Amino acid sequence: MSQPPPPPPPENDDIYYPTHHHNQSHNQQPPPATFTPYPSLRLNPVRDHHSENYEDMQLDHYPPLLLSSLERHLPNRMLNRPREEKAEYMTNILNKYYPLNEHIRMQKQREYRQKIISSYPPLHKEIYSMHAENFFVPSFLEAIQGKSEASLRRVIAEPFKGIFTFQMLQPGFCQKLMEEVDHFERHIKRAKLKIMRPNTMNQFGVVLDDFGMEAMLQSFMETFIRPLSEVFFTEFGGSSLESHHGYVVEYGTNRDLDLGFHVDDAEVTLNVCLGKQFSGGELYFRGVRCDNHVNSQIQSEEIFDYSHVPGQAVLHSGRHRHGVRPTTSGHRLNLIIWCRSSVHRETKRYQKEFPTWCAECKRQRKERIRARIASASQNFFGMRP
């Protein structure tokens, strides 16, 4: 049986992926494509491109801000197409990652958010839009404005390979965010509504986008996380982060005590301790793994523990396995922002080589090379007279 023709060669930094017509016979001609038979995204965004506003469109439950951010990754041939065509093009790519049950969940979440935002009175309105000089410590802002790895390295430590720590948030902002979370939880209780928890593991905490912080957190990610990821997490799509999942988790008495060993549904994760008084609750890291080796054995050189400090951030790959030790006293809240890249996830689907960042893949590859060398040596010396 003949194989379908390969995609055309890439132009510039466009990345092409074939669209498969599963119900089409090999003798039948494919239907004409509206734009191109090969949906594609560019690896590096067009920085000076002004994206469309998609707020008034029905987008298969995708946040409008996601499409506005993803638009900068469109290939040249799509950048100036009508807005409706660009929206259809991007949703066709995104749909590959969201099965029907996920679409249903997203629709319920959108309806939930609309209901909450329409009735919730914010406590601190000033933290719902980005005010960098009031959010971040001066040293961090100066490093970001320096726009170089050298300026970032002056304030960012790397205590363990792939784990970066730095002072990030001002105490005043941390306090207001904690008060806002408490205010939201009290409002939900009075309204007799159910809080949608951040993930399947944390039983306490809130999703910040649910009560109106989506635009602020998107700006937070694009302006203050992505510049770091472009430098430190290039292998994980750090330069193409375009969406986020932002939430606050709570640990302590009558809250979550700990969190099991896991990886995040993110390319890059930011974790900032907001406060309050607490002991215990350390993060423990145990090596970076691909999907095939998430549960593989821990190597001694992969062990690293991190103790939280209010206002201090830890930045790591979502594929870096980690967990949270029990909080032994007090009450602790952390801001978590999962940063995601549809472009990186798309490229992984077509990657044939093993990921260079997975420690277990590298270990197994070394073992195979060692075995081949040993076998070749044995054959060579065995043939000698």
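Reader: In which loop is the place of Lys192?

Author: Lys192 lies in the loop between α8 (171-191) and β5 (205-207), where helices (H or I, at least four residues) and strands (E, at least two) are DSSP runs, numbered from the N terminus. This is a predicted model, in which local features need pLDDT of at least 70, side-chain atom pairs count only at pLDDT 80 or more, and totals for chains, interfaces and linings use all residues. Residues are numbered from 1 along each chain as its sequence is written, and side-chain values use heavy atoms, with hydrogens and water left out.

Reader: What is the phi of Lys192, and is Lys192 buried or exposed?

Author: Most residues other than glycine have a negative phi, and most peptide bonds are trans. Lys192, although not a glycine, has a positive phi of about 60°, and its relative accessible area of 75% makes it exposed (buried means under 20% relative accessible area, exposed over 50%, partly exposed in between, with a 1.4 Å probe and protein chains only).

Reader: Which phi does Asn254 have, and where is its place?

Author: Asn254, which is not a glycine, has a positive phi of about 60°, and it sits in the loop between β6 (243-252) and β7 (259-262). Asn254 counts as exposed, at 64% relative accessibility.

Reader: Which residues does a cis peptide bond join?

Author: A cis peptide bond, with omega about 10°, joins Gly275 and Lys276, and Lys276 is placed in the loop between β8 (268-275) and β9 (278-280).
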